[in-house]
Amino acid sequence: MNVHRFDRAIVRRPSRAVVDGLRSGSRAPDFERIVAEHQGYVGALREAGLSVDVLPALEGFADSLFVEDPALVLGGCAFLLRPGAPSRLGEVDAIRPALGRHFERIVALPPAGFVDGGDVLVAGKTVFIGLSARTDQPGATALGMALAEVGAGAIVVRPPSGQLHLKSACSLIDDETIFATRRLIDAEIFAGMKVIPAVEGEELGANALRLNDVLLVGSGFPRTADLLAGLGYGVVTVDVTEVGKLDAGLSCMSLRWLADRGSGPKTTPREKGEKGSE
Ligand code: CIR
């Protein structure tokens, strides 16, 4: 399997409204710092070998830089999801044209229930869908049925409450290994997978992002970076402190896929004059 091979990504520039993004904490993020973190993130994606389509900011949609939530790309197909926060539902129509530039097949979920992409962990042909405050059973069932069309099997799991999304507390760090918080591991939802426990006290560091030979880790989680580097992963740290104030992390800011299945990721990440480049 080549679950972590990617050569394309879509991201969206933060809108000025990002300072009013949904958050569980009291500290609002700073716009300029979010922009700087976003640029650093796009740079890390390119360094990892991905060609990045940077969409313009979507004013009026505070959380629209978190493109992982309104859509899912898998098996050569784009799925339009149904984000569970009312303020985010309009992001789906807004991302459709960008997906249409890259995918011939676009599948929209029926208007029943809700699913956020942050609750969807792709582990090869198995896709874990976590029920949460944003993802409900009808939404998860609808996505599971849609995924069957591309040969993927969905497992709906019920993680313990306490995190926004399933992937706030875990990530797939190689073809067979999930890196997850102790609470998630204790819930025994990842049957059949190898699981590495995240560092206690750095639980949000469990949202790492594997891209080709690189494993992105938030720079605010130094013990996590040391642990994963010690296990042989090619750790690269990226600052996501400010987006963390919006309960977001590394996976949330991109949609990623492998377009060229023949040759694998390009070795020249930056294409001059590339459409939408920053
Ligand atoms: C939200 O609450 O929807 C945003 N502030 C954060 C979304 C994070 N997305 C993700 O984990 N996939």
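I started at R88: an N or O atom in its side chain is 2.8 Å from an oxygen atom of the ligand, a polar contact in the sense of a pair of N or O atoms within 3.5 Å. Next I checked the cover: the protein hides 99% of the 350 Å² of accessible area that the ligand has on its own (Shrake-Rupley method, 1.4 Å probe).

A note to myself: this is a predicted model, where local features need pLDDT of at least 70, side-chain atom pairs count only at pLDDT 80 or more, and totals for chains, interfaces and linings use all residues. Residues are numbered from 1 along each chain as its sequence is written, and side-chain values use heavy atoms, with hydrogens and water left out.

Back to the ligand. I found 14 residues around it, with L22, D63, E68, D69 and R88 coming nearest; being near takes a heavy atom within 4 Å. A nitrogen atom of the ligand lies 2.8 Å from a backbone N or O atom of L22. For D63, I noted a polar side-chain atom 2.8 Å from a nitrogen atom of the ligand.

Then I looked up the open sheet: three strands in the order 6-7-8, with mixed pairing. Strands here are DSSP runs (E, at least two residues), helices likewise (H or I, at least four), and two strands pair if there are at least two bridges between them. Strand 6 (120-123) and strand 8 (153-157) are the edges, each pairing on one side only. Strand 7 (residues 126-130) runs parallel to strand 8, joined by five bridges. In that pair I spotted V127 opposite A154 of strand 8.

Note on methods:
Polar contact = N/O pair within 3.5 Å; in protein donor to acceptor, adjacent residues only side chain to side chain.
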